[in-house]
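Visitor: Hi, could you walk me through this one? I'd like to ask things as they come up.

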Amino acid sequence: MTAAPETGTSEIRHAGLVALRVDGLWRGALIEGPSGSGKSDLALRALDAGFRLAADDRTIVFRAGGRLFGRAPGPLMGLIECRGVGIVAVEPLAFAEIALIVRCEKTPQAVDRMPEQEQESLLGKAAPLLRLWPFELSAPAKLRCALLTIGRGEQEAYQATLAPPRRRLGA
C-alpha cells in the first residue's frame, strides 16, 4: 500500500514514529516531546520489543484518504539516535498510519494511574493521546497495550467493574 499525501496536508513534527503490526496493518505511535525527553530511548526499547521504526526525531506527518500517516524525511530514513553510542541504522518502515500520539512526560508522577481518554488534533484529524514517562521499564509494553486497546472500550469496562454498586433511593 502506498500513501500519497493530500494537497496541503503535511507538516514536519519533532517526533519519532514506531509501529506495531496489528490485524495485518501497521499501527503507529507518534512519540512527541522536547529534546532529551526520551523519545529515541523509548523508540529503541520499542524496537527491542518487536516494533518497527518509521521515523526518529523528525517525522513528516501527512493525511491520505482521510487518515494520518507518518514517515521519515529521506536522509533520516532507517536511522535512530542511540545516546552514548551515536547514530544507528535499522531496517525502517517506509511509513505507518498514526493510530496514537504519545506525549513524553518529565516525571512518572505526571502520568495519571487511570487517565481519562484524551485526543489531539493533527492536520485536522483527531488521534488518541497517551501520556507516558518514557524511561519506565514497562513503557514499551504500555505502548503495545495502548495500540491494541485504546478506543475499544476495555478501560471503561474495567473501571465499571470497580465502581461500587448503586443504591436505590428508599432501599
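Guide: Happy to. Let's start with Arg 131, which counts as partly exposed at 30% relative accessibility (buried means under 20% relative accessible area, exposed over 50%, partly exposed in between, with a 1.4 Å probe and protein chains only). This is a predicted model, where local features need pLDDT of at least 70 and side-chain atom pairs count only at pLDDT 80 or more, while totals for chains, interfaces and linings use all residues. Residues are numbered from 1 along each chain as its sequence is written, and side-chain values use heavy atoms, with hydrogens and water left out.

Visitor: Good to know. Which residue forms a salt bridge with Arg 131?

Guide: Glu 118 does, with the closest N and O atoms 2.8 Å apart. A salt bridge here is a side-chain nitrogen of Lys or Arg within 4 Å of a carboxyl oxygen of Asp or Glu. Glu 118 also counts as partly exposed, at 30% relative accessibility.

Visitor: And where do Arg 131 and Glu 118 lie?

Guide: Arg 131 is in strand β11 and Glu 118 in strand β10, so their pair ties together parts 13 residues apart in sequence. Helices (H or I, at least four residues) and strands (E, at least two) are DSSP runs, numbered from the N terminus.

Visitor: In which sense do β10 and β11 pair?

Guide: Antiparallel, over five bridges, with β10 covering residues 118-122. For two strands to pair, DSSP has to find at least two bridges between them. One of the bridge pairs joins Ser 121 to Ala 126 in β11. The hairpin has two residues between the strands, and Leu 123 takes a positive phi near 50 degrees there.

Visitor: Back to charges. How many salt bridges are there in the whole structure?

Guide: A search finds twelve. One of them joins the side chains of Glu 120 and Arg 13, at 3.7 Å from N to O. Glu 120 lies in β10 and Arg 13 in β1 (residues 10-13), so this pair ties together parts 107 residues apart in sequence.

Visitor: Is Glu 120 buried or exposed?

Guide: Glu 120 is buried, at 17% relative accessible area. Glu 120 also belongs to a network of salt bridges with shared partners, together with Glu 11, Arg 13, Glu 32 and Arg 103.

Visitor: Changing topic: which residues touch the most other members in the largest nonpolar core?

Guide: Val 18, Ile 31, Leu 100, Val 102 and Leu 143, out of 21 residues in that core. A nonpolar core is a set of buried Ala, Val, Leu, Ile, Met, Phe, Trp, Tyr and Cys residues joined through side-chain atoms within 4.5 Å. The elements giving two or more residues to this core are β2 (15-22), β3 (25-32), α1 (39-48), β9 (96-104), β11 (125-132) and α2 (139-149). There is also a second, separate core of 16 residues, including Leu 17 and Ile 101.

Visitor: Where is Leu 143 placed?

Guide: In helix α2, and Leu 143 is buried, with a relative accessible area of 0%. Leaving out residues up to four places away in sequence, Leu 143 touches several others, among them Val 18, Ile 31, Phe 51 and Leu 100 (contact means heavy atoms within 4.5 Å).

Visitor: Last one: how many helices and strands does the chain come to?

Guide: Three helices and eleven strands, in the order β-β-β-α-β-β-β-β-β-β-β-β-α-α along the sequence. Of the chain's 171 residues, 37% count as buried. Among contacts with a separation of 6 or more, 69% come from residues 24 or more positions apart.
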